Amino acid sequence: MKSRLDKHSRDTLRSFHAQIDADSPFFIGFPGSVDFDYSELTPFFRYLLNNVGDPYEDPLHTNHSKHFEKEVINFFADMFRAPKNDRWGYVTNGGTEGNLYALYLARALHPKGVVYYTTSAHYSIPKNVQILAMESVVVESQPNGEMDYKDFRKKVSRNRKRPAIIVATIGTTMTEAKDSVYIIRKILGDYSMQDVFVHCDAALAGVYTEYMLPHHPFDFADGADSISISGHKFIGSPMACGVVITRKSYRDRVVRDSLYVGSPDSTISGSRNGHTPLMLWYTIKKLGVDGLYSRALKSMELARYLHTELQYIGWTSWKNENSFTVVIKKPPDAIVHKWQLATYGEWSHIVCMPGVTQGQLDKFVDDLKRSKHYK
Ligand SMILES: *Cc1c(COP(=O)(O)O)cnc(C)c1O
């Protein structure tokens, strides 16, 4: 192997670095925190860390970070009020894998179950439903993106003889709306439905929603059976990752043994990233609950600031309560492109993730003010 890259390849890397660096000030349209610094972990990039198999059983090899992974799972299981003596989870490749695992689990528990998810659910839900070949019913959303509970009641009552698997979204992609597990459970209770499973897709908002008042009902104590979050969103990391939490008693129903690696094959992926658990652990230890909380408050404050500034210049915008997301009337294409804004029909959104600054938002508002559509 050559010891050094040739000049052309080095230039390619250098210009990629320059481009990423130049674009980063305009990164306000997607929900990834940008305030992380994992340089203390760089020595570990000299090693393969493979957390293959179940987090709670060590594989035959020692180059894994499962001791860190278990702490991460426990932190989020505590946060989401999972029962102390009946909890399980693992660090995933992202929110999508957590959703896939949860639906896989729900299908194993209720093979004849019907999946309910709303029109505002993330695209990974219909994809995972298709992968698992499950039956599903799409429920309408209210204008703010939250589940239309009347429509849910109508649709679930028609199928009340069938097990129900409900995906509640805690922070929808476009408007950061949150479905209420309390109301969902209440409706299922009204029809005396017993064979039910409620999964919360809390990829974006799960972590900080738990800290906000008034309490939004979505955790295990509120009636969730599983919760999936993304790690590269609110927590922040240079690599995509996530966490899924459920009950151990559920997981025990689907686990398979893998004699080859010496650890039960209870996860979707076989070999698993051992660096991402280390990063999540690092942030949890560094910030703690207090640090995460004040970081969330700061983002909400910024979102309110942006909303107020937009009102002030007369640009149509709105936001859901306790959210980082400001939904705005779609700006002209040049601005959408420059600021890399996700756009859906008439609307775009800004997500005030940790690391986004007031200065960036001021520049964005200036751009809107100067745009030709502005009167
Ligand atoms: C981002 C997101 C996902 C997907 O998570 P990935 O980490 O990108 O796989 C799923 N659901 C919601 C609500 C999301 O915001």
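I started with surface: the chain exposes about 18100 Å², and carbon and sulfur atoms supply 54% of it. Accessible areas here are Shrake-Rupley values with a 1.4 Å probe, and for residues only the protein chains shown count as cover.

I noted the ground rules next. The model is predicted, with local features needing pLDDT of at least 70, side-chain atom pairs counting only at pLDDT 80 or more, and totals for chains, interfaces and linings using all residues. Residues are numbered from 1 along each chain as its sequence is written, and side-chain values use heavy atoms, with hydrogens and water left out.

I looked up the fold. The chain has eleven helices and eleven strands, taken as DSSP runs (helices H or I, at least four residues; strands E, at least two) numbered from the N terminus. The radius of gyration is 22 Å, close to the 21 Å from the globule rule for 375 residues, so the chain is as compact as a globular protein of that length. That radius is taken over C-alpha atoms, and the rule is 2.2 Å times the number of residues to the power 0.38. I read the C-alpha trace as spanning about 65 × 60 × 35 Å along its principal axes.

I checked burial. Buried residues make up 54% of the 375; buried means under 20% relative accessible area.

I turned to cysteines. I found zero disulfides (cysteine sulfur pairs within 2.5 Å). The sulfur of Cys200 has its closest cysteine sulfur in Cys241, 20 Å away, too far for a bond. Cys200 counts as buried at 0% relative accessibility. Cys352 also counts as buried, at 0%.

Definitions and conventions:
Buried means under 20% relative accessible area, exposed over 50%, partly exposed in between (1.4 Å probe, protein chains only).
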